[in-house]
Amino acid sequence: MDRPYTILSCAMSIDGRIDDTSPERLRLSNEADFAEIDELRAGCDAILVGAGTLRADNPRLLVRSPVLREHRREQGRTENLLKAVVTRGGDVDPGARFFSTGDAGAVVYTGGPGVATATERLAGRPDTDPPAEVVDAGDPPTAEAILNDLAGRGVTRLLVEGGGHIHTLFLTSGLADELRLAVAPFLVGEEDAPRFVMPGAYPYSPQTPMRLVEARSLGGIAVLRYALNPGER
């Protein structure tokens, strides 16, 4: 494989919502699931989200466990992953924790006018912040261009953590290898609540389904893992 092995990870309600419409972030997971995701992060080289996730959550996207960070150091790796964000318009917040934390730097994937916008937005960041680079990944950005660039940076294993537009981008491209879903035991029931995926032309049909490779309970949450690559179905 000449592109990174790509894992999609998402926590959602039974009705496929990744949040509700309230100002507070809806908790869809538990500490046991957070610990597993932390371990999953620690085993990857890069982590990717969409600009909507940055605006809504202001995440740091770091490896939380000191033990896992130490293990990465012992392997000659950075403590944390290379961070990547996808944005069509390039309007990213240079003061976001995404850019100011970690030790592996960040990449902004955008295209068209977004390249100039993102470059201008990031120009005034403090010199003490980790490095950040803007990359033209097409207008609009494509999963193929993003994965090709990451492969050129030595990324062999990528974790994609959403949101819905980003999961849709990778799932419709057919370039993802694995999907991990944590399903909370309730329904959100709000029409305007954000979804796990959007309508699109997916390669996973009744004739070519994903392959379920794991299903288990984790503190009341259902953890489902699917193989997506045709050779692994």
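Entry 1: I began just past helix α3, where Gly-76 takes a positive phi of about 80 degrees. A reminder to myself: this is a predicted model. Then I went back to the start of α3, which spans residues 66-74. There a side-chain oxygen of Ser-65 comes to within 3.2 Å of the backbone nitrogen of Val-67.

**Entry 2: the loop between α2 and α3.** Asn-58 has one, about 45 degrees, and it is found in the loop between α2 (51-57) and α3. Leu-61 has a positive phi too, of about 60 degrees, and its place is in the loop between α2 and α3. Are these two residues buried or exposed, or partly so? Asn-58 is partly exposed, at 30% relative accessible area. Leu-61 counts as buried because its relative accessible area is 4%, and the cut-off for buried is under 20%.

**Entry 3: cis peptides.** I noted the bond from Asp-139 to Pro-140, which is cis with omega near 5 degrees. Pro-140 sits in the loop between β5 (132-136) and α6. The bond from Gly-162 to Gly-163 is cis as well, with omega near 5 degrees. I placed Gly-163 in the loop between β6 and α7.

**Entry 4: aromatic rings.** How many aromatic pairs does a search of the whole structure find? I got 1. The partners are Phe-98 and Phe-99, arranged edge-to-face, with 4.9 Å centre to centre and 85 degrees between the planes. Phe-98 is buried, with a relative accessible area of 1%. Phe-99 counts as buried too, at 1% relative accessibility. I also checked for a charge over a ring: Lys-83 lies over the face of Phe-98, at 5.7 Å from the ring centre.

**Entry 5: helix α7.** Which residues of α7 (residues 164-173) are buried? My list reads Gly-164, Ile-166, His-167, Thr-168, Phe-170 and Leu-171. I then asked what covers them, and the cover includes strands β1 (5-12), β2 (46-50), β3 (82-86) and β6 (157-160), together with helix α6 (143-152). Following α7 comes Gly-174, with a positive phi near 75 degrees.

**Entry 6: the cores.** In soluble globular proteins, nonpolar side chains tend to be buried together. With that in mind I looked up the largest nonpolar core, which has 30 residues. Those with the most contacts inside this core are Leu-48, Tyr-109, Ile-146, Leu-150, Leu-158, Phe-170 and Phe-196. At least two of its residues come from each of β1, β2, β3, β4 (106-110), α6, β6, α7 and β7 (178-183). Which element gives the most to this core? I found α6, with 4 residues. Apart from this core lies another, of 23 residues, among them Leu-40, Ala-42, Ala-106 and Ala-118.

**Entry 7: around Tyr-109.** I finished with the contacts of Tyr-109, leaving aside neighbours within four places in sequence. Its contacts include Ala-84, Val-85, Val-86 and Thr-87.

Definitions and conventions. Residues are numbered from 1 along each chain as its sequence is written. This is a predicted model: local features need pLDDT of at least 70, side-chain atom pairs count only at pLDDT 80 or more; totals for chains, interfaces and linings use all residues. Side-chain values use heavy atoms; hydrogens and water are left out. Buried means under 20% relative accessible area, exposed over 50%, partly exposed in between (1.4 Å probe, protein chains only). Contact means heavy atoms within 4.5 Å. A polar contact is a pair of N or O atoms within 3.5 Å; within protein, one must be able to donate a hydrogen and the other to accept it, and residues adjacent in sequence count only if both atoms are side-chain atoms. Rings of Phe, Tyr and Trp (its six-membered ring) pair if their centres lie within 6.5 Å; planes under 30 degrees apart count as stacked, over 60 as edge-to-face and the rest as tilted. A charge sits over a ring if NZ of Lys or CZ of Arg is within 6 Å of the ring centre and within 35 degrees of the ring normal. A nonpolar core is a set of buried Ala, Val, Leu, Ile, Met, Phe, Trp, Tyr and Cys residues joined through side-chain atoms within 4.5 Å.
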